[in-house]
Structure formats: C-alpha cells, structure tokens
Amino acid sequence: MSAAPEARPSQYISFVVGGDELAVDILRAREIVEATAITRVPRMPQAVLGVLNLRGRVIPVIDLAVQLGLPPSVITRRTCILIVETEFDGELTRMGLAIDAVGDVVDLDAAAIEPPPPFGTRARQGHLVGLGKVGDRLLMLLDIDRILSSEELFAAASLEAEGGARAALPGAPALGEPAASPSTSSASRSPP
C-alpha cells in the first residue's frame, strides 16, 4: 500500500501595511504595479482611493490600511498596488490594494499556521484566516474575500455616512433610504 501524498505547503505573498506584516494567498495575487495615476472618484468611501487604468481595464484601488481600521496610507515611492482577484457579489473581480511595501513569497505548511487570536491584532478577527509563523516573525494571513466583500465595503461606507453624506458605492442606498440587509439587497445590486 502506498503512503498518502504529503500536503504541499501553501504559498502566500507578504507585504507591509501600517507597520504590520500581512500576507494573502498567492493564488489570489495577480501582479504588483506602481502606485501612479490613481484617479479619484467623487463620493467614494475613504477606503476607496480611486481607480487605476491597468492596460485598458479599470481597477478599483482600496486603501487596505483604512479598510483594516488603521490611519490612511501615505503614498510614498515604495507604495505599490497589489492586484488581487476576489469574489465580489458572486463574481471574480480584480481590485488593487495600496500597500506600503511588498515582501516576499512565503511557503507555509498547516503546522505553521495558527488560528487567529481572539484579541491582540489590529485586523478584526473575521478578516484573518490565521497567523503564519515564519522563523521568529508572525504574518497576519488575510481573508481577502471577506475584507473586500460588498458587506464590508458597505459597512465602512455606513460608518462614514453617520458623520456625513452616504458614500456612493454601487448598490448603496441613496441618502435617506434605509440600508437593506445583505441577503435582501444582493439581487438588486449591479456588479462593479
């Protein structure tokens, strides 16, 4: 009888946001581009920096620091945009994440990944799939589908709306309209 094949380590691409070392599954990463020529779009939530024209394709760019509840990123020469593919309202969509610096590709086997702690990280527990142990370092492994979900972006927009006008996300209710629950509003939303 042959032995069961060994589980292959998962690969993650690491990067820095707000001084924290984070990572996403490399199968979700498409490319890394310079943080130039981002076009602002009026009435977008603070987490949406704008859009980027990437070889004729319009890509929304999210300030990952803001989406994680950190102060807004400061765009420097080292800032870059990590293009990821995520499921957004049931469709695979490419989005850009503004990151402070790119790290490297890290191989992690199941034994090197711990469940997220119930406290102590700046990212919300639901945003993490775990903590990756790389030598003496810990990488926060992000659940990119959860962080970039329409519900999370609407929640961020709703929080901002409490202090002013409701941000104009696709499918967001107009000012003065009650927000629909995610289960009832998904059919009426149009894809980005």
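**Entry 1: ground rules.** I am working from a predicted model, in which local features need pLDDT of at least 70 and side-chain atom pairs count only at pLDDT 80 or more, while totals for chains, interfaces and linings use all residues. Residues are numbered from 1 along each chain as its sequence is written, and side-chain values use heavy atoms, with hydrogens and water left out.

**Entry 2: overall counts.** I find four helices and twelve strands in the protein. These are DSSP runs numbered from the N terminus, with helices (H or I) of at least four residues and strands (E) of at least two. Of the 192 residues, 40% are buried. I use buried for under 20% relative accessible area, exposed for over 50% and partly exposed for in between, with a 1.4 Å probe and protein chains only. The accessible surface comes to about 10800 Å², and carbon and sulfur atoms hold 54% of that area. The areas come from the Shrake-Rupley method with a 1.4 Å probe; for residues, only the protein chains shown count as cover.

**Entry 3: the sheet.** I traced an open sheet of six strands, ordered E9-E1-E2-E12-E11-E10, with mixed pairing. Two strands pair if DSSP finds at least two bridges between them. At the edges are E9 (101–108) and E10, each of which pairs on one side only. Inside the order, E1 and E2 run antiparallel to each other over six bridges. On this pair, Phe15 stands opposite Leu22 in E2.

**Entry 4: the cores.** Which residues touch the most other members of the largest nonpolar core? They are Phe15, Leu64, Leu82 and Leu97, in a core of 28 residues. Two or more residues each come from strands E1 (10–17), E2 (20–25), E7 (80–88), E8 (91–99), E11 (128–134) and E12 (137–142), and from helices H1 (64–67) and H2 (144–147). E7 gives the largest share, four residues. Apart from this core lies another, of ten residues, among them Ala35, Leu52, Leu54 and Ala98. A nonpolar core is a set of buried Ala, Val, Leu, Ile, Met, Phe, Trp, Tyr and Cys residues joined through side-chain atoms within 4.5 Å. In soluble globular proteins, nonpolar side chains tend to be buried together.

I then listed what Phe15 touches, not counting residues up to four places away in sequence. The list includes Leu22, Val24, Leu64, Leu82, Ile99, Val102 and Leu142, and also the charged residues Asp20 and Glu21.

**Entry 5: salt bridges.** How many salt bridges does the structure hold? I count six, taking a salt bridge as a side-chain nitrogen of Lys or Arg within 4 Å of a carboxyl oxygen of Asp or Glu.

Asp145 pairs with Arg28, the closest N and O atoms being 2.7 Å apart. Asp145 sits in helix H2 and Arg28 in the loop between E2 and strand E3 (29–34), so this bridge ties together parts 117 residues apart in sequence. Asp145 is partly exposed at 24% relative accessible area, and Arg28 is partly exposed at 26%.

Glu31 and Arg55 meet at 2.6 Å, N to O. Glu31 is in strand E3 and Arg55 in the loop between E5 (48–54) and E6 (57–63), so the parts tied together are 24 residues apart in sequence. Glu31 is partly exposed at 22%, whereas Arg55 is exposed at 66%.

Lys133 bridges to Glu114 with the closest N and O atoms 2.9 Å apart. Lys133 belongs to E11 and Glu114 to E10 (residues 113–114), so parts 19 residues apart in sequence are tied together. Lys133 is partly exposed at 35%, and Glu114 is partly exposed at 36%.

I also noted a network of salt bridges that links Arg30, Glu85 and Arg94.

**Entry 6: Ser73.** Is Ser73 buried or exposed? Ser73 is buried, with a relative accessible area of 19%, and lies in the loop between H1 and E7. Leaving aside neighbours within four places in sequence, Ser73 is in contact with Asp63, Ala65 and Asp100. The side chains of Ser73 and Asp63 make a polar contact at 2.8 Å. That term means a pair of N or O atoms within 3.5 Å; within protein, one must be able to donate a hydrogen and the other to accept it, and residues adjacent in sequence count only if both atoms are side-chain atoms. From Ser73 to Ile99 I read 7.9 Å, C-alpha to C-alpha, for residues 26 apart in sequence.

Notes:
Contact = heavy atoms within 4.5 Å.
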